[in-house]
Amino acid sequence: MKTQKVTHQSSLPSNTCNKLVLRRTRKRFNSKVFNDRTIERTAIASLLLTGFLGVGAMGCWGLEVIEFNANSNTITNYWERQKNICLGAMLLSCSVFLGSSLVGASFSVHRDKF
């Protein structure tokens, strides 16, 4: 058996074929999608940060109690300050979550034209 090699040649000239290959479609920047994704990522990040700061505040509270029971004579407020910092940051990130959720909801209501 003999095998034959089949080649296909285009009827277009080579320079026309190259021009057709180079044509590409450009993606357009969609600001609505960008805004939605930014708001969604901000809400998720603030929820995660709120959870981690809550765990940190509970840990600082526990260490504050341990330190107070070990040395009731000392007036060290290190863990109490750390706890208050964690609680303040937790409150801030919780408010960021609520704000981003409110902005996202208002955008979706505005688009749906209620």
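I take buried to mean under 20% relative accessible area and exposed to mean over 50%, with partly exposed in between (1.4 Å probe, protein chains only).

**Basis.** I note that this is a predicted model, in which local features need pLDDT of at least 70, side-chain atom pairs count only at pLDDT 80 or more, and totals for chains, interfaces and linings use all residues. Residues are numbered from 1 along each chain as its sequence is written, and side-chain values use heavy atoms, with hydrogens and water left out.

**Cysteines.** I looked up Cys-86 and found it buried, with a relative accessible area of 15%. Cys-60 also counts as buried, at 9% relative accessibility. I then checked for disulfides (a pair of cysteine sulfur atoms within 2.5 Å). The count is zero. The sulfur of Cys-60 has its closest cysteine sulfur in Cys-86, 4.6 Å away, which is too far for a bond.

**Salt bridge.** I searched the whole structure for salt bridges (a side-chain nitrogen of Lys or Arg within 4 Å of a carboxyl oxygen of Asp or Glu). The search gives one. I identified the partners as Lys-83 and Glu-64, whose closest N and O atoms are 3.3 Å apart. Lys-83 lies in helix α3 (residues 78–112) and Glu-64 in helix α2 (residues 31–70), so the pair ties together parts that are 19 residues apart in sequence. Helices here are DSSP runs (H or I, at least four residues), numbered from the N terminus. I recorded both Lys-83 and Glu-64 as buried.

**Phe-68.** I placed Phe-68 in helix α2. Phe-68 counts as exposed, at 55% relative accessibility. From Phe-68 to Trp-79 I noted 11 residues in sequence and 9.9 Å in space, C-alpha to C-alpha.

Key: Helices (H or I, at least four residues) and strands (E, at least two) are DSSP runs, numbered from the N terminus.
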